[in-house]
Amino acid sequence: MLYLQLWALQRFSWCVSQAEAVKTFLEQSGYEVHHVEDGKSAIREAVGGKVDLILLDLVLPDMSGVEVCRWLKLNRSTRMIPILMLTSKAEVQDRVSGLEAGAEDYLSKPYSEMELNARIFALLRTKALQDELSETNARLQELLADVEMLARTDPLTKLYNRRHIQECVDREIKSAWRYGSPLCLLMIDIDRFKEINDGHGHRCGDSVLAEISCIIRDSVREVDIVGRWGGEEFVVVLPRCAKQDAEQLANRILHAVAQNEFSAVPDAKVTVSIGVASIPEQAADNSDALLDAADRAMYMAKKEGRNKVYLF
């Protein structure tokens with residue numbers, strides 16, 4: 001059953017019997033009706049309540065109906081409520097003023113109850129369609145956001161994927177050179193990961209990848225960007241981070257991984273090697289150059305015995 005709440009604003013000068021007669025008729029037609037007698041009360045009640053339609057008299061005791069209409073249409077919480085302007089004035093300009101203020105329709109007094117009901121029904125039908133369209137658009141926006149997130153996220157680790165990370169590095173490099181701020185990049189590789197996969201199975205290997213992802217994510221700042229570069233490699237982008245601070249972070253990740261007891265391979269010693277590249281130390285003007293520098297630093301860490309941090 002459709003619940004309708006109708007706000008009837010009647011001119012104060014109407015006699016009580018006229019206002020009550022309209023209210024009674026509308027309630028008998030299946031609407032819930034609330035009646036106030038001045039513009040300020042109308043605005044206050046419209047903002048504070050659930051309103052599907054407003055009947056608004058052109059002449060009110062404290063302000064004009066046009067002013068009330070204009071205010072309601074400018075307010076974010078009430079601007080989508082349809083307004084049916086009621087007027088006893090025959091001048092075209094009075095009707096035009098109401099429509100220009102945002103009223104959806106007008107009805108000249110005296111009017112028949114049948115016509116009033118027909119106009120109300122038409123406006124509510126239009127509003128129902130608009131509400132349905134708004135809900136559909138909201139669902140589509142949510143769906144698009146989910147699709148976009150899937151397109152830039154690694155499904156296993158829930159970190160950003162290679163394509164998105166590369167876009168982020170390009171963006172941060174431009175920002176670093178433009179504003180003269182430091183930028184660091186960590187390339188992290190799991191040591192002897194093939195042995196984990198071969199000895200314990202790929203499912204255990206996936207579990208190790210997921211746990212290391214959590215360790216890295218929990219170690220960085222909120223502004224830092226973490227992604228899975230591919231296979232057992234991860235990249236951390238550190239905007240406005242000096243080289244010595246990046247080194248401290250890299251060592252923190254290194255020790256956290258080495259001390260962690262991995263649930264899937266509790267008897268295995270899991271470590272990582274980390275390469276650090278930075279701007280302005282590296283004269284990199286694109287993501288490929290800076291990522292390559294971090295990659296070479298990571299391989300130097302492996303060459304020196306693994307479970308190490310190497311800085312370029």
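These legends go with a set of close-up views of a predicted model.

**View 1**
Strand S8 (residues 233–239) has the highest mean pLDDT of the elements, at 98, while strand S1 (residues 5–9) has the lowest, at 45. Keep an eye on residues 1–16, where pLDDT stays under 50. The model still gives that stretch 60 contacts beyond four places in sequence.

**View 1. A five-stranded open sheet.**
Follow the strands across and you read S7-S8-S6-S9-S10, with mixed pairing. At the edges stand S7 (225–230) and S10 (309–311); each has a single partner strand, so one side of each is left without a neighbour in the sheet. On average, neighbouring strands here are turned by 20° against each other, if you ignore direction.

**View 2. Zooming in on S6 and S9.**
Here strand S6 (residues 183–190) and strand S9 (residues 272–279) run antiparallel, joined by eight bridges. For one spot to look at, find Asp189, which sits opposite Ser273 in S9.

**View 3. Two helices lying across the sheet.**
Helix H6 (residues 162–179) lies across S6, S7, S8 and S9, and runs at about 130° to S7. Helix H8 (residues 202–219) also lies across S6, S7, S8 and S9, running at about 10° to S8. Buried or exposed: which is Glu172? This residue belongs to helix H6, and its relative accessible area is 13%, under the 20% cut-off, so Glu172 counts as buried. Its contacts, leaving aside residues up to four places away in sequence, are Leu183, Ile225, Val237 and Pro239.

**View 4. Where H6 meets H10.**
The axes of H6 and H10 are 9 Å apart, and the two helices pack at an angle of about 105°. That makes H6 roughly perpendicular to H10. On the H6 side you'll find Gln166, Val169, Asp170 and Ile173, and they meet Ser287, Asp288, Leu290 and Leu291 of H10. Sorted by class, this contact has four nonpolar, two polar and two charged residues.

**View 5. Ser287 up close.**
Ser287 is part of helix H10, which spans residues 287–303. What does Ser287 touch, not counting residues up to four places away in sequence? The list is Gln166, Val169, Asp170 and Ile173, and those residues are in H6. Ser287 has a relative accessibility of 3%, so it counts as buried.

Most peptide bonds are trans. The one from Ile279 to Pro280 is cis, with omega near 20°. Pro280 is in the loop between S9 and H10.

**View 6. Two loop residues with positive phi.**
Most residues other than glycine have a negative phi. Arg240 isn't a glycine, yet its phi is positive, at about 50°. Look for Arg240 in the loop between S8 and helix H9 (243–259). With a relative accessible area of 52%, Arg240 is exposed. Asn307 has a positive phi too, near 55°, and is also a residue other than glycine. Asn307 is in the loop between H10 and S10. With a relative accessible area of 31%, Asn307 is partly exposed.

**View 7. Strand S4, covered on both faces.**
Why is strand S4 (residues 83–87) described as largely enclosed by the rest of the structure? Five of its five residues are buried, so that's the description it gets. In a regular strand, side chains alternate between the two faces of the sheet. In S4, one side carries Ile83, Met85 and Thr87, the other has Leu84 and Leu86, and all of them are buried.

**View 8. S3 alongside S4.**
Strand S3 (residues 53–57) runs parallel to S4, and four bridges join them. To find your bearings, look for Asp57, which stands opposite Leu86 in S4.

Notes: Residues numbered from 1 in each chain as written. Predicted model: local features only at pLDDT ≥ 70, side-chain atom pairs only at ≥ 80, totals over all residues. Heavy atoms only, no water. Buried < 20%, exposed > 50% of the residue type's maximum accessible area, 1.4 Å probe, protein only. Contact = heavy atoms within 4.5 Å. pLDDT = per-residue confidence, 0-100. Pairing = 2+ DSSP bridges. Axes fitted to C-alpha atoms, helices over the stretch in contact; angles between N-to-C directions. Parallel < 35°, antiparallel > 145°, perpendicular 65-115°, else oblique. Nonpolar A, V, L, I, M, F, W, Y, C, P; charged D, E, K, R; others polar.
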